[in-house]
Amino acid sequence: MILTVDHVTTYSYDSPMGSSVQSLRLFPSRFAGQREIEWQVAVEGGIRGGEFRDGAGDKVESWSIRPPIEEVVVTVRGKIETTDTAGVLRGHRELVHPMAYLRETTATWIDDGLAKLASEAVADCSELLDCAHRLSAAVAEAISYEPGTTDAHTTAAEALAQGKGVCQDHAHALIAVARAHDLPARYVSGYLFATEDGAPHEAAHAWTEIWIEGIGWIGFDAANSCCPDDRYIRLGSGLDAHEAAPIRGITQGGSEERLDVTVALEQVQQ
């Protein structure tokens with residue numbers, strides 16, 4: 001499948017701000033499931049800085065903006081060819097050992113509710129891949145997809161307690177229950193063209209990767225009860241949403257910040 005991406009993120013301020021530094025993780029991962037045809041990332045009025053690949057194999061690029069700043073506009077436009085690898089992250093080069101992803105974070109801290117969910121989901125399970133699938137299914141059943149019911153700071157435990165959330169919450173919860181069984185797990189950010197039944201979906205998306213010994217990293221999208229396929233574009237990963245955030249930055253000043261994001265994905269006929 002060939003997909004085009006048009007992604008614009010705008011931060012606007014009530015009064016002019018000082019200088020700004022942005023760290024962008026908005027570039028397609030290099031692995032067997034996707035091939036970059038063209039890809040451009042830009043910050044309006046910004047100065048491109050250095051770039052590097054982190055230990056997880058993700059490209060990170062820095063930008064700076066000189067004052068006065070009334071808004072910061074980050075644009076991503078590109079075209080990419082995707083291939084269904086049944087969720088397996090084949091051919092991805094990285095240096096971080098999988099065991100590093102057993103660390104808890106505030107967002108993925110496991111409470112009694114998550115521990116119980118983790119235990120019941122794999123009560124009679126002996127094969128690791130089957131256990132991972134069962135954990136994903138248990139999270140999907142326990143947390144219904146309802147936009148607007150959580151925010152960026154909601155933890156996995158809080159989402160489970162209220163029984164609803166969005167893809168970020170599903171990913172955090174699955175990471176927590178996987179780690180409860182000593183399965184390394186991480187948060188993945190990217191894009192999704194459509195849900196499995198073809199219905200439109202919020203294009204900016206997140207899911208989980210779980211390390212299965214003998215196979216490697218495998219993606220699980222509990223929000224859509226499937227493994228990532230050729231409808232997905234993978235950008236980067238981290239211990240949780242904060243660490244895997246596509247955009248992280250600092251802007252000097254005390255003005256209130258407003259965020260607006262538009263993402264459009266289209267399939268190109270081959």
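1. A helix crossing is called left-handed if the near helix is turned anticlockwise from the far one by less than a right angle, and right-handed if clockwise. Helix α1 passes helix α2 in a right-handed crossing. The contact is made by Leu117, Ala118 and Ala121 of α1, together with Arg134, Leu135, Ala138, Val139 and Ala142 of α2. Contact here means heavy atoms within 4.5 Å.

2. Some ground rules. This is a predicted model: local features need pLDDT of at least 70, side-chain atom pairs count only at pLDDT 80 or more, and totals for chains, interfaces and linings use all residues. Residues are numbered from 1 along each chain as its sequence is written, and side-chain values use heavy atoms, with hydrogens and water left out. Helices (H or I, at least four residues) and strands (E, at least two) are DSSP runs, numbered from the N terminus.

3. Now the geometry of the helix pair. α1 covers residues 112-121 and α2 covers residues 128-142. They pack at an angle of about 130°, and their axes lie 9 Å apart. Axes are lines fitted to C-alpha atoms, for helices over the stretch in contact, with angles from 0 to 180 degrees between N-to-C directions. α1 and α2 are therefore oblique to each other. The scale is this: under 35 degrees is roughly parallel, over 145 roughly antiparallel, 65 to 115 roughly perpendicular, and the rest oblique.

4. Look next at strand β1, residues 2-17. β1 pairs with β14 (residues 257-268) in the antiparallel sense, over 12 bridges. Strands count as paired if DSSP finds at least two bridges between them. β1 also runs antiparallel to β6 (residues 69-82), again with 12 bridges. Follow aspartate 6 across both pairings. Its bridge partner in β14 is alanine 264. In β6, aspartate 6 stands opposite arginine 77.

5. Which residue forms a salt bridge with aspartate 14? The partner is arginine 258, with the closest N and O atoms 2.3 Å apart. The pair links distant parts of the chain: aspartate 14 sits in β1, arginine 258 in β14, and they are 244 residues apart. A salt bridge needs a side-chain nitrogen of Lys or Arg within 4 Å of a carboxyl oxygen of Asp or Glu. By this rule the count comes to 14 salt bridges.

6. Two backbone details deserve a check. A cis peptide bond joins proline 67 and proline 68, with omega about 0°. Proline 68 lies in the loop between β5 (59-65) and β6. Alanine 86 is not a glycine, yet has a positive phi of about 60°. Alanine 86 lies in the loop between β6 and α1.
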